[in-house]
Amino acid sequence: APALLASMLLATAGFGLVLPFLFIYLTHVRHLDPTWVGVAGAWIGLASLLAVGPCGMLVDRYGARVVYVALAVAQGSGLICYAFVHSVWQAFGAATLASMGGAPLIGAYDTLLASATPEALQQRFFGVAFVALNIGVGLGGFVGGLVAAEQHPRSFTVLYLCAGAGVIAGAAIVAPRRDVGVALPHDPQAQPHGGWRAVFAD
């Protein structure tokens, strides 16, 4: 579990580096149309929402560790792509990659953490994980605020590269841990579930 907490701290610190700066970066540094940047921002939320459901099914089928690592690599790659954005379509591409790996990451991580901690200690570890998430975002934002300078475009490039590297480094900590987040064994005797209809009915 400490390795998983370190992974979350690294990933959220990386994300926190650039969290406050996307609109400023794309409009003031890359000089993209603010309207389209706003649309790209809205797309981030929509793409994240669309990815959550399928990623949950992938966690059940392939295991939380595999999905968490894949999502972290996707998010990290998307953040790195932001460093090289010079047009609206590139911004949408980076946003899609980063957001498809971003929001579902937390669900996969929670499943991973639950599989790695005894039931009696899960409440404690989930509390610590939430603290690590907030510390990571806050620390990243603080460092990002010290580095980012509109008159120095390269500072944003460095931030986005470091942000992506941080998220991928967090995934690298989890990747070798084959003892956690394994796929659920298939039970041929299991009763069929109600699917999405049962979820929405609840």
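Leaving aside neighbours within four places in sequence, Gly16 is in contact with Val137, Gly140 and Gly141, where contact means heavy atoms within 4.5 Å. The model is predicted: local features need pLDDT of at least 70, side-chain atom pairs count only at pLDDT 80 or more, and totals for chains, interfaces and linings use all residues. Residues are numbered from 1 along each chain as its sequence is written, and side-chain values use heavy atoms, with hydrogens and water left out.

**Gly16**

- Gly16 is found in helix H1; helices (H or I, at least four residues) and strands (E, at least two) are DSSP runs, numbered from the N terminus.
- Gly16 counts as buried because its relative accessibility is 1%; buried means under 20% relative accessible area, exposed over 50%, and partly exposed in between, with a 1.4 Å probe and protein chains only.
- Although Gly16 and Gly136 are 120 residues apart along the chain, their C-alpha atoms are separated by 6.7 Å.

**The chain as a whole**

- The secondary structure comes to eight helices and zero strands, giving the pattern α-α-α-α-α-α-α-α along the sequence.
- Of the 202 residues, 40% count as buried.
- Among contacts with a separation of 6 or more, 80% come from residues 24 or more positions apart.

- His31 lies in the loop between H2 and H3 and has a positive phi of about 60°, although it is not a glycine.
- His31 is exposed, because its relative accessible area is 63%.
- Asp33 caps the N-terminal end of H3, with a side-chain oxygen 2.9 Å from the backbone nitrogen of Thr35; a polar contact is a pair of N or O atoms within 3.5 Å, and within protein one must be able to donate a hydrogen and the other to accept it, while residues adjacent in sequence count only if both atoms are side-chain atoms.
- H3 (residues 34-62) has 29 residues and reaches 40 Å from its first C-alpha to its last, close to the 42 Å expected at 1.5 Å a residue; the expected span is 1.5 Å times one less than the number of residues.
- At Val52, H3 bends by about 30°, and Pro54 follows within four residues; the bend is the angle between axes fitted to the seven residues ending at a residue and the seven starting there.
- Buried residues of H3 include Val37, Ala47, Gly53 and Val59.
- Just after H3, Gly63 takes a positive phi of about 100°.

- Gln75 is found in H4 (residues 64-82) and counts as buried because its relative accessibility is 7%.
- Among the residues that Gln75 touches, beyond those up to four places away in sequence, are Phe15, Leu97, Leu105 and Val167.
- H5 (residues 88-116) reaches 42 Å from its first C-alpha to its last and bends by about 40° at Leu105.
- The largest nonpolar core has 44 residues, of which Val18, Leu26, Tyr68, Tyr82, Val85, Tyr109 and Leu112 touch the most other members; such a core is a set of buried Ala, Val, Leu, Ile, Met, Phe, Trp, Tyr and Cys residues joined through side-chain atoms within 4.5 Å.
- H5 gives the most to this core, with nine residues.

**Cysteines**

- A disulfide is a pair of cysteine sulfur atoms within 2.5 Å, and by this rule the count comes to zero.
- Cys55 counts as buried because its relative accessibility is 11%, and Cys81 counts as partly exposed because its value is 35%.
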